[in-house]
Amino acid sequence: MIRPPLSTFFYAIVFSGLLGFQARAGTSEALLARGENLFVLGGCGHCHTAEDGPMLAGGDPLKTPFGTFYPPNITPDPETGIGNWSEKDLTRALREGISPHGQPYYPAFPFTSFTLMKDEDLTALKAYLDTVPPIRHQTPAHDLSFPFNVRRGLWGWRWLFFRPARFQPDPMRSGQWNRGAYLVQGPGHCGECHTPRNWMGALDRSRAYAGSVVGELNAPNITPDPEYGIGEWSETDLLYFFETGMKPDGDTASDEMAKIIRKGISKLPEKDLRAIIEYLQSLPPIAAEP
Ligand code: HEC
Ligand code: HEC
């Protein structure tokens with residue numbers, strides 16, 4: 001048997017070690033980029049960061065017909081944030097709307113859409129959230145009217161309106177369509193604003209994307225109906241709108257949507273925007289005002 005010199009082993013070990021390191025560094029960078037995309041699309045920063053406050057240390061008061069929510073601190077601070085959470089805890093919160101202590105969350109936190117998110121996307125999102133600087137800041141308790149202030153009451157709501165689910169691709173549609181459907185229904189949670197709600201605050205999916213007015217939020221019909229929806233908008237119009245907030249008639253997006261575009265949708269890769277557009281244009285048109 002010919003024995004190779006020891007140095008060969010040495011170099012082999014060092015070399016494979018280097019390769020392994022490079023592969024890990026490569027993966028984690030891609031993972032973080034993916035996590036950041038989901039983060040912007042999910043509007044996490046949008047709700048959990050106050051106007052001039054530190055990133056994710058708690059959001060501006062969120063006014064709803066049920067009272068005012070104070071979106072909590074979700075920085076990695078172990079005491080006032082979610083620094084002690086495992087990936088399993090985060091997955092359970094986003095997919096099932098249940099806290100690590102087994103308490104149900106209010107659907108003002110759009111877990112009703114995030115439930116569709118894929119395992120690998122939740123891994124990426126957790127990796128990204130772990131990179132945010134920890135901030136020690138306790139947010140106030142929500143200020144809700146009776147009976148909504150009783151968290152236990154949410155079990156009934158969940159029983160009526162929520163089932164944890166996973167995105168089911170439609171094999172009859174293209175990969176791009178399925179990507180768009182996933183982004184819109186899951187992490188993008190577009191229906192949380194654009195789909196009307198019933199009197200108990202649950203989404204009325206029979207009128208999906210037909211527009212919704214809740215308090216000061218006036219989200220238009222985004223189905224392809226030519227009169228009430230966006231049927232007259234071309235693919236280029238939609239792409240331009242998602243990149244800049246400019247509408248085909250020269251108007252700019254107002255309030256909420258402008259923020260969502262600036263901080264979220266406009267940062268997505270063009271192929272994701274095209275996927276979103278293909279899906280929106282394939283929705284059943286609904287001829288109704290919000
Ligand atoms: C529309 C506003 C909104 C958006 C968008 C939103 N959240 Fe929240 N989130 C809330 C509110 C409100 C609560 C508090 C719910 C409760 O107390 O039941 C919450 C709770 C949470 C909690 C539980 C924290 C705790 O201490 O128990 C986590 C974790 C969380 N959100 C993460 C996220 C992530 C990650 C995203 C983006 C993918 C996101 N949120 C997007 C409003 C939002
Ligand atoms: C937090 C609430 C909210 C979310 C989430 C949201 N939107 Fe909007 N959207 C609005 C509001 C409000 C407007 C109206 C803005 C205006 O008229 O300037 C709007 C406007 C639009 C318009 C223009 C429609 C028109 O007729 O002018 C499109 C298209 C649109 N949204 C698509 C989306 C898509 C796609 C998503 C998900 C990726 C999404 N929106 C998520 C609130 C929201």
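Biologist: On what basis are residues, chains and atoms treated here?

Modeller: Residues are numbered from 1 along each chain as its sequence is written, while chains are lettered from A and ligands numbered from 1 in the order in which they are written. This is a predicted model in which local features need pLDDT of at least 70 and side-chain atom pairs count only at pLDDT 80 or more, whereas totals for chains, interfaces and linings use all residues, and side-chain values use heavy atoms, with hydrogens and water left out.

Biologist: Which residues coordinate the iron atom of ligand 2?

Modeller: Donors are N, O and S atoms within 2.8 Å of the metal (3.2 Å for Na, K and Ca), and sites may look incomplete since water is not among the atoms. At distances of 2.0 to 2.3 Å, the iron atom of ligand 2 is coordinated by NE2 of H194 and SD of M257. H194 lies in helix α8 and M257 in helix α10 (residues 255-263), so parts that are 63 residues apart in sequence are tied together by the pair. Helices are DSSP runs (H or I, at least four residues), as are strands (E, at least two), numbered from the N terminus. The residues asked for are H194 and M257.

Biologist: What is the geometry of the site of the iron atom of ligand 2?

Modeller: Six donors count as octahedral if opposite donors are over 155 degrees apart and all others between 65 and 115. Ideal angles are 90 or 180 degrees for six octahedral donors. With 6 donor atoms and angles of 81 to 179° among them, the site is octahedral.

Biologist: Is H194 buried or exposed?

Modeller: Buried means under 20% relative accessible area, exposed over 50%, and partly exposed in between (1.4 Å probe, protein chains only). M257 has a relative accessible area of 21% and is therefore partly exposed. H194, at 10% relative accessibility, counts as buried.

Biologist: Which residues does H46 touch?

Modeller: Contact means heavy atoms within 4.5 Å. Not counting residues up to four places away in sequence, H46 touches E256, K259 and I260.

Biologist: With which residue does R34 form a salt bridge?

Modeller: A salt bridge is a side-chain nitrogen of Lys or Arg within 4 Å of a carboxyl oxygen of Asp or Glu. The side chains of R34 and D121 meet in one, at 2.8 Å from N to O. This pair links distant parts of the chain, 87 residues apart: R34 is in helix α1 (residues 6-41) and D121 in helix α5 (residues 119-129).

Biologist: How far apart are the closest N and O atoms of R95 and D119?

Modeller: R95 lies in helix α3 (residues 87-96) and D119 in helix α5, so the pair ties together parts that are 24 residues apart in sequence. R95 counts as buried, at 7% relative accessibility. In the salt bridge between R95 and D119, the closest N and O atoms are apart by 2.5 Å.

Biologist: How many salt bridges does a search of the whole structure find?

Modeller: Side chains of opposite charge can pair when their charged atoms come close. One of the salt bridges joins D130 and K126, at 2.9 Å from N to O. Salt bridges that share partners also join E235, E270 and R274 into one network. The search of the whole structure finds 12.

Biologist: Where is the cis peptide bond that involves P147?

Modeller: Most peptide bonds are trans. P147 is found in the loop between β3 (143-144) and α6. With omega about 5°, the cis bond joins F146 and P147.

Biologist: What is the phi of Y209?

Modeller: Most residues other than glycine have a negative phi. Y209 is in the loop between α8 and β4 (212-214), and at 8% relative accessibility it counts as buried. Its phi is positive, near 65°.

Terms used:
Tetrahedral: all angles 85-135°; square planar, octahedral: opposite > 155°, others 65-115°.
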